[in-house]
Amino acid sequence: MKKNTQRLFIIEIVLAVLILVITFSISNLIFIRSMAQHQENQAIMRISEEMILISEDIKSQSLTNNITKDTEIYYDAYGIIQENESIYTLKITLDSKESFISYRLDLYNKNNEKLLSWNIVKVVE
């Protein structure tokens with residue numbers, strides 16, 4: 001009878017440790033995914049703030065010389081501007097008419113999915 005009791009006790013300990021390891025793994029996975037999502041949200045917030053600044057510069061006529069027909073600005077995973085292609089791409093396109101210029105700001109991720117987009121219309125004097 002003692003041997004059966006010891007065997008059951010060892011099985012219970014092994015099962016308890018196994019459940020503990022599985023629980024720890026699941027909570028760690030949830031934590032890592034939430035941190036990655038948080039980092040992505042922070043980067044998109046930083047880039048959207050920069051998009052707002054670009055919009056204000058376009059409206060105030062101080063950035064119009066720097067934007068050509070199609071301009072691309074690249075950002076890394078933290079929302080910091082990079083020289084070459086990276087995680088996020090801000091595409092600025094313009095459509096010039098006689099009385100106005102329409103600017104379109106589109107933010108894409110590395111999978112070419114559109115994350116943010118808006119238009120700015122500037123009246124030409």
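**Sheet and hairpins**

I began with β3 and β4, which run antiparallel and are joined by eight bridges; I count two strands as paired if DSSP finds at least two bridges between them, and I take helices (H or I, at least four residues) and strands (E, at least two) as DSSP runs numbered from the N terminus. The model is a predicted one, in which local features need pLDDT of at least 70 and side-chain atom pairs count only at pLDDT 80 or more, while totals for chains, interfaces and linings use all residues. Residues are numbered from 1 along each chain as its sequence is written, and side-chain values use heavy atoms, with hydrogens and water left out.

Within the β3 and β4 pair I found Thr-89 opposite Tyr-108 in β4, and the hairpin that joins these two strands passes through three residues. On its other pairing, β4 runs antiparallel to β5 with nine bridges, and here Asp-106 stands opposite Ser-117 in β5.

I then traced the whole sheet, which is open and has five strands in the order β2-β1-β3-β4-β5 with antiparallel pairing. β2 (81-82) and β5 stand at the edges with a single partner strand each, so one side of each has no neighbour in the sheet. β1 and β2 are joined by two bridges, and Tyr-74 is found opposite Gln-82 in β2.

**Loop between β4 and β5**

Next I looked at the loop between β4 (100-108) and β5 (114-123), where Asn-111 is placed. Asn-111 is exposed, with a relative accessible area of 56%; I use buried for under 20% relative accessible area, exposed for over 50% and partly exposed for in between (1.4 Å probe, protein chains only). Asn-112 lies in the loop between β4 and β5 too, and is exposed with a relative accessible area of 53%. I noted its positive phi of about 65 degrees although Asn-112 is not a glycine, and I set beside this the general point that most residues other than glycine have a negative phi.

Which elements cover the buried residues of α1? I found that they include β1 (70-75), β3 (88-96), β4 and β5, with contact meaning heavy atoms within 4.5 Å. Among the buried residues of α1 are Ala-43, Ile-47, Met-51 and Ile-58. For the length of helix α1 (residues 2-59), I checked that its 58 residues should span 86 Å at 1.5 Å a residue, and the end C-alpha atoms are 85 Å apart, which agrees; the expected span is 1.5 Å times one less than the number of residues.
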